Amino acid sequence: MYVPGSDENKINKAAGLGLDGAILDLEDGVAFNKKDEARGIIRQVLNSVDFGRTERLVRINPLYSGRAQEDLLSVLPGRPDAIVIPKADTPQIVCEVDEIISAVEQEQGWQPGGIALALLIETAAAFVNLAAICQTSLRVQALIFGAEDFCADAGVTRTVEAKELLFARSSLVMHAAAFGMQAIDMVQINYRDNELLERECLEAVQLGFSGKTVVHPGQIEM
């Protein structure tokens with residue numbers, strides 16, 4: 001579940017929900033004027049909040065934003081379980097994040113490779129480069145489909161039935177299977193429509209996904 005990194009109350013609530021993973025967000029879920037503050041909040045909760053069985057992931061800002069490096073240097077001392085890279089369009093993007101994490105692990109004396117990567121695949125370029133991207137780093141454990149940004153990037157008309165996304169979703173699953181990774185399906189932003197969410201979850205299982213992203217606690221039980 002995506003959780004705004006600027007909202008400590010929501011993070012604390014998410015920590016007790018028994019999620020598979022809480023994605024503490026520095027990107028789309030945080031207003032621009034709150035992004036610096038969110039870094040400090042996330043670092044603090046990583047060091048002080050018990051998430052139980054829930055994996056703690058942090059979604060940084062895209063590398064092209066000029067904020068990603070400072071995002072990483074701010075939150076990595078809290079030793080998250082994984083970093084989510086948005087707009088993971090090229091192997092070079094993954095390599096750059098991997099190098100920063102490796103430097104921090106060495107500086108802290110941590111086990112090399114202990115912090116995983118999950119990649120948001122959400123542009124046409126990412127799909128064209130996907131096989132190479134998957135082979136870039138041993139840290140990469142999951143591919144996440146970002147449907148809304150993909151549609152905006154590729155000029156795809158988004159529909160409730162999501163038939164227009166079948167090829168992209170299947171491509172992501174096949175690449176994840178080929179390279180031994182988890183495939184995580186697109187978020188359902190209509191969080192009050194549980195019938196739609198249930199249908200998408202069933203489709204995701206049929207397509208071979210191993211999980212799905214959500215944005216609201218009410219979606220978890222589905």
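## Helix 8 and what follows

Helices (H or I, at least four residues) and strands (E, at least two) are taken here as DSSP runs, numbered from the N terminus. The expected span of a helix is 1.5 Å times one less than its number of residues. Helix 8, covering residues 166-178, has 13 residues and reaches 18 Å from its first C-alpha to its last, close to the 18 Å expected. Just after helix 8 comes Gly180, with a positive phi of about 70°.

Before going further, please keep in mind that this is a predicted model, in which local features need pLDDT of at least 70 and side-chain atom pairs count only at pLDDT 80 or more, while totals for chains, interfaces and linings use all residues. Residues are numbered from 1 along each chain as its sequence is written, and side-chain values use heavy atoms, with hydrogens and water left out.

Buried means under 20% relative accessible area, exposed over 50%, and partly exposed in between (1.4 Å probe, protein chains only). In helix 8, the buried residues are Ala168, Arg169, Ser171, Leu172, Val173, His175 and Ala176.

## Two pockets

A pocket is an open set of points on a 1 Å grid over the protein atoms alone, where a 1.4 Å probe fits, with protein on both sides within 12 Å along at least five of seven lines; lining residues have an atom within 4 Å of a point. Grid points are joined across faces, edges and corners, and a volume is the space filled by probe spheres set on the points. The largest pocket holds about 720 Å³ of space. Its lining has 27 residues, with Asp20, Gly21, Ile184, Gly211 and Lys212 nearest the centre. Among the elements that each supply at least two lining residues are strand 2 (21-25), strand 7 (182-185) and helix 9 (194-207).

The second largest pocket has a volume of about 540 Å³. It is lined by 25 residues, and Tyr2, Val3, Asp25, Val187 and Val215 lie nearest its centre. Strand 1 (2-4), helix 1 (8-15) and helix 7 (147-154) each give at least two residues to this lining.

The lining of the largest pocket divides into 16 nonpolar, 7 polar and 4 charged residues; for the second largest pocket the division is 13 nonpolar, 4 polar and 8 charged.

## Aromatic contacts

Rings of Phe, Tyr and Trp (its six-membered ring) pair if their centres lie within 6.5 Å; planes under 30 degrees apart count as stacked, over 60 as edge-to-face and the rest as tilted. The structure holds 3 aromatic pairs. One of them joins Phe127 and Phe150 edge-to-face, at 5.4 Å centre to centre and 70° between the planes. Phe127 lies in helix 5 (residues 124-128) and Phe150 in helix 7, so this pair ties together parts 23 residues apart in sequence.

With a disulfide defined as a pair of cysteine sulfur atoms within 2.5 Å, the whole structure contains 0 disulfides. The sulfur of Cys95 has its closest cysteine sulfur in Cys134, 13 Å away, too far for a bond. Cys95 is partly exposed at 32% relative accessible area, whereas Cys134 is buried at 4%.

Arg79 has a positive phi of about 55° although it is not a glycine. Arg79 sits in the loop between helix 3 (68-75) and strand 4 (82-85) and is partly exposed, at 41% relative accessibility. Ala162, also not a glycine, has a positive phi of about 60°. Ala162 belongs to the loop between helix 7 and helix 8 and is buried, with a relative accessible area of 3%.

Terms used: Ala, Val, Leu, Ile, Met, Phe, Trp, Tyr, Cys and Pro count as nonpolar, Asp, Glu, Lys and Arg as charged, and the others, Gly among them, as polar.
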